[in-house]
Amino acid sequence: MSGVDVVVTGFGCLGPWGFGHAPLAAALARGEALATPMDRSAGYHRRNSATLVGSADRFDLSAHLSPAAARRMSTLSRYAVATTRLALQEAGLAPDALPRE
């Protein structure tokens, strides 16, 4: 690292409410329940473990990932990269302007 402190003033989020902070804020303002009962039919869940899940469905991340890059990533990696890029965008930073070390 170069020893320069960085503060990111944006955030990216993705979940059952959608993609970005505006849909999250709207869902919270409505008091909308974001968790749903999880499918426990496979039988491998521990007794007395969580019964609700806040699942994220498939999202169109093409504004944040090229199709070639997306093909090489797991779903969780695609979500992590897209939400990080959204955070940088909201902070007014261009991802390509950041140093690569």
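Colleague: Does T83 count as buried or exposed?

Modeller: T83 counts as buried, because its relative accessibility is 15%. Buried means under 20% relative accessible area, exposed means over 50%, and partly exposed lies in between, using a 1.4 Å probe and protein chains only. This is a predicted model, in which local features need pLDDT of at least 70 and side-chain atom pairs count only at pLDDT 80 or more, while totals for chains, interfaces and linings use all residues. Residues are numbered from 1 along each chain as its sequence is written, and side-chain values use heavy atoms, with hydrogens and water left out.

Colleague: Where is T83 found, and which residues does T83 touch?

Modeller: A contact means heavy atoms within 4.5 Å. T83 is in helix α3, residues 75-90. Not counting residues up to four places away in sequence, T83 touches G12, C13, L14 and F19.

Colleague: How many helices and strands does the chain have?

Modeller: Helices (H or I, at least four residues) and strands (E, at least two) are DSSP runs, numbered from the N terminus. Here the chain has 3 helices and 4 strands, in the order β-β-α-β-β-α-α along the sequence. The radius of gyration is 17 Å, well over the 13 Å that the globule rule gives for 101 residues, so the chain is more spread out than a compact globule. That radius is taken over C-alpha atoms, and the rule is 2.2 Å times the number of residues to the power 0.38.

Colleague: What box do the C-alpha atoms fill, and what share of the residues is buried?

Modeller: Along the principal axes, the C-alpha atoms fill a box of roughly 50 × 35 × 30 Å. Of the 101 residues, 20% count as buried.

Colleague: Which residues make up the largest nonpolar core?

Modeller: In soluble globular proteins, nonpolar side chains tend to be buried together. A nonpolar core is a set of buried Ala, Val, Leu, Ile, Met, Phe, Trp, Tyr and Cys residues joined through side-chain atoms within 4.5 Å. The largest one here has 6 residues: L14, L61, L65, A70, Y79 and A82. Leaving aside neighbours within four places in sequence, L14 is in contact with F19, A56, F59, L61, Y79 and T83.

Colleague: Where is H64 found, and which residues is H64 in contact with?

Modeller: H64 is in the loop between β4 and α2 (67-71). With a relative accessible area of 13%, H64 is buried. Apart from neighbours within four places in sequence, its contacts are F19, A82, R85, L86 and Q89.

Colleague: Which loop holds H45?

Modeller: H45 lies in the loop between β3 (36-37) and β4 (52-53). H45 is partly exposed at 25% relative accessible area, and its contacts, leaving aside neighbours within four places, are M38, D39 and R40. The C-alpha atoms of H45 and E32, 13 residues apart along the chain, are separated by 26 Å. S41 also has its place in the loop between β3 and β4 and counts as exposed at 65% relative accessibility. Between the C-alpha atoms of S41 and S74, 33 residues apart along the chain, the separation is 25 Å.

Colleague: What is the phi of N48?

Modeller: Most residues other than glycine have a negative phi. N48 has a phi near 65°, a positive value in a residue other than glycine. N48 lies in the loop between β3 and β4 and counts as exposed, with 73% relative accessibility.
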